[in-house]
Amino acid sequence: MTEVVRVGVVGTGWWATQFHLPALQENPSVAVAALADPDEHRLAAAADRFGVRSRFLDAGDLFASGQVDAVVVATPHATHYELAKGALACDLHVLCEKPFVLVSDQARELSAMARARGLHLLIGHTYRFTRHARQARAMVRDGRLGDLLFVSVLFASMVEAYYRGRPEEYSEVFGFPVTGPGRRTYSDPSLSGGGQAQTQVTHAIDMVLWVTGRRPTEVHAYMDNRDLAVDLVDAVAYRLDNGAVGTMGSTGSLRPGQSQQQELRYYGTEGFLLQELIHGQLSFHGNDGTVEVVDPLSDDEVYPAGATSACLVDLIMGSTENLADAESAVATVEFLEAAYASARSGRPASIGSHAAAEHR
Ligand SMILES: NC(=O)c1ccc[n+]([C@@H]2O[C@H](COP(=O)([O-])OP(=O)(O)OC[C@H]3O[C@@H](n4cnc5c(N)ncnc54)[C@H](O)[C@@H]3O)[C@@H](O)[C@H]2O)c1
């Protein structure tokens with residue numbers, strides 16, 4: 001069994017420097033062996049802060065270096081596909097940040113590639129690693145809800161300044177110990193693939209699909225960019241493969257100091273389940289009058305930012321299951337891809353049955 005996993009971090013921006021690198025450095029099973037970023041200033045700032053000697057301007061050189069067993073890809077959304085593919089091609093295990101990729105064919109390709117090569121490919125769907133996510137999933141899968149009928153989500157968060165290319169507006173909220181996000185990372189559609197849906201709805205719909213174990217079959221979306229180049233508000237109606245229907249409402253317009261709202265409600269023939277992600281609430285309400293309120297999550301449990309990289313390392317050490325596997329994350333990419341297509345066309349978008357069947 002591997003004793004120490006040599007991890008490289010690709011993209012030394014906000015998320016990598018505030019969360020992944022500290023978590024990796026605290027992990028006794030990890031050696032942070034190399035960093036890559038084409039921005040020499042960001043690369044140097046991160047490498048100096050975390051004491052990493054091996055630095056690459058080109059991620060491909062890191063992949064081919066033989067210095068790492070695995071990589072964390074924490075770069076702008078549109079770069080995920082090529083980087084994850086390049087790493088897998090060099091037989092490296094990969095944690096790829098969310099959104100996995102922007103095109104569902106690419107998601108299926110990477111998932112198949114990892115499987116064929118016997119590599120772990122994990123997606124940065126952090127919320128799956130909470131106690132409540134696992135409990136909600138078990139309740140739905142154990143049949144407590146009966147047949148799933150309807151899912152409703154409201155996801156309101158504070159992201160607008162990122163979509164405006166003004167990340168400094170959140171510096172007091174996040175602290176940005178090394179660097180904040182690049183101005184274009186979330187505001188330029190050629191890098192982000194979109195706004196609120198790619199950046200935030202991805203969390204919410206991934207939770208719905210993971211908890212229910214269902215796949216989307218049809219999506220009808222309205223999106224509004226306001227004066228931005230990317231969507232700020234999204235309203236999506238959809239159908240799942242068991243016939244259940246759902247709604248997803250999301251806005252990135254909250255201001256610093258306002259309480260976020262991340263409410264997921266699952267209704268079945270036997271009762272309903274209420275899950276609040278950011279405030280850590282979960283309860284089941286049976287049609288027979290049963291009410292089960294699950295212990296709330298502590299502040300530390302609500303968003304376990306280090307859990308994804310820890311899972312990657314544990315997988316390589318052979319001691320855990322992949323809670324955020326690429327195969328199940330394909331459905332989330334399908335949903336987002338169809339939502340943008342529907343918003344563009346003004347019509348519902350179907351999700352190919354061949355894709356759903358292949359990954360069941
Ligand atoms: N799981 C979560 O909750 C969560 C939270 C925040 C961000 N993220 C994700 O993390 C990723 C990075 O976001 P961020 O806020 O840190 O952005 P950022 O702009 O701060 O950092 C991105 C970095 O990637 C670098 N980069 C660009 N192209 C590259 C390439 N080809 N090879 C190597 N590096 C490259 C940029 O120079 C930059 O330093 C995004 O996918 C984002 O959605 C996930």
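**Rings and charges**

I began with a charge over a ring: Arg144 lies over the face of Phe284, 4.5 Å from the ring centre. The criterion I used is NZ of Lys or CZ of Arg within 6 Å of the ring centre and within 35 degrees of the ring normal. Arg137 sits over the face of Trp210 at 4.1 Å from the ring centre.

I noted the basis. The model is predicted, so local features need pLDDT of at least 70 and side-chain atom pairs pLDDT 80 or more, while totals for chains, interfaces and linings use all residues. Residues are numbered from 1 along each chain as its sequence is written, and side-chain values use heavy atoms, without hydrogens and water.

Next came ring pairs. Rings of Phe, Tyr and Trp (its six-membered ring) pair if their centres lie within 6.5 Å; planes under 30 degrees apart are stacked, over 60 edge-to-face, the rest tilted. I got 15 aromatic pairs. Trp14 and Phe174 are tilted, because their centres are 4.9 Å apart and their planes at 55°. Trp14 is in helix H1 (residues 14-26) and Phe174 in helix H8 (residues 171-174), so the pair ties together parts 160 residues apart in sequence. Helices are DSSP runs (H or I, at least four residues), numbered from the N terminus.

I then checked burial (buried under 20% relative accessible area, exposed over 50%, partly exposed in between; 1.4 Å probe, protein chains only). Trp14 is buried at 9%. Phe174 is partly exposed at 26%.

I looked up Tyr127 and Tyr303 too: they pair edge-to-face, 4.8 Å centre to centre, with 75° between the planes.

Methods. Helices (H or I, at least four residues) and strands (E, at least two) are DSSP runs, numbered from the N terminus.
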